[in-house]
Amino acid sequence: MLCLLLLAMVFLLQACFLDMVYLALPVAGMLYVLFAALMVWLGQRLVIDHGDKAIHVLACFILAGGLLNAAAGLIQYYGRPAWLEDLVTGLYHSRIYGNIGQTNLYANYLGLGLVALVFLWRSGATGRGGFLAAALLLNIAAALAGSRAWLLYVA
């Protein structure tokens, strides 16, 4: 977390001492990094206060969101039935994007869901059959998204 705070300080120094055309760029970067540091601190507090159960609960929710978005993307790709029009957005180009609305963010969410799935499987919270089915769904949806951004999360 100290590294994130130092990076935020670098952005602050850029905003103060460099002659920048747009001041909003380093300020936005600083706020983004401070938000990441706040998330790291929150994660530490959850583990300290509630133990490993908090990590498993968060991983389950991330995995559930990834699976639901993967299913929405596959529904988009194969055709959305009329009764799902209120739950799944329509497909407006050749790459799926689930209910996120942007292909790279969608692929990042799927990659995050895959990392949560691997974590839950390694900790013994899921069986082999459920792991393989969920991994297949997430990987097919990520492939149909046509974005390589999700590989960063997996790496």
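I'll start with Phe131, which counts as buried because its relative accessibility is 14% (buried means under 20% relative accessible area, exposed over 50%, partly exposed in between, with a 1.4 Å probe and protein chains only). This is a predicted model, where local features need pLDDT of at least 70, side-chain atom pairs count only at pLDDT 80 or more, and totals for chains, interfaces and linings use all residues. Residues are numbered from 1 along each chain as its sequence is written, and side-chain values use heavy atoms, with hydrogens and water left out.

Phe131 sits in helix 5; helices are DSSP runs of H or I, at least four residues, numbered from the N terminus. Beyond its neighbours within four places in sequence, Phe131 is in contact with Leu117, Val118, Trp121 and Thr126, contact meaning heavy atoms within 4.5 Å.

Now the helix pair. The axes of helix 4 and helix 5 come within 10 Å and cross at roughly 165°; axes are lines fitted to C-alpha atoms over the stretch in contact, with angles from 0 to 180 degrees between N-to-C directions. Helix 4 is therefore roughly antiparallel to helix 5, the term for angles over 145 degrees. Residues making the contact include Tyr106 and Leu110 of helix 4 and Phe131 and Ala141 of helix 5.

Last, the core. The largest nonpolar core has 19 residues, and Leu63, Tyr106 and Ala141 are among those with the most contacts inside it; such a core is a set of buried Ala, Val, Leu, Ile, Met, Phe, Trp, Tyr and Cys residues joined through side-chain atoms within 4.5 Å. Helix 3 (52-78), helix 4 (103-122) and helix 5 (128-145) each supply at least two residues of this core.

Key
Parallel < 35°, antiparallel > 145°, perpendicular 65-115°, else oblique.
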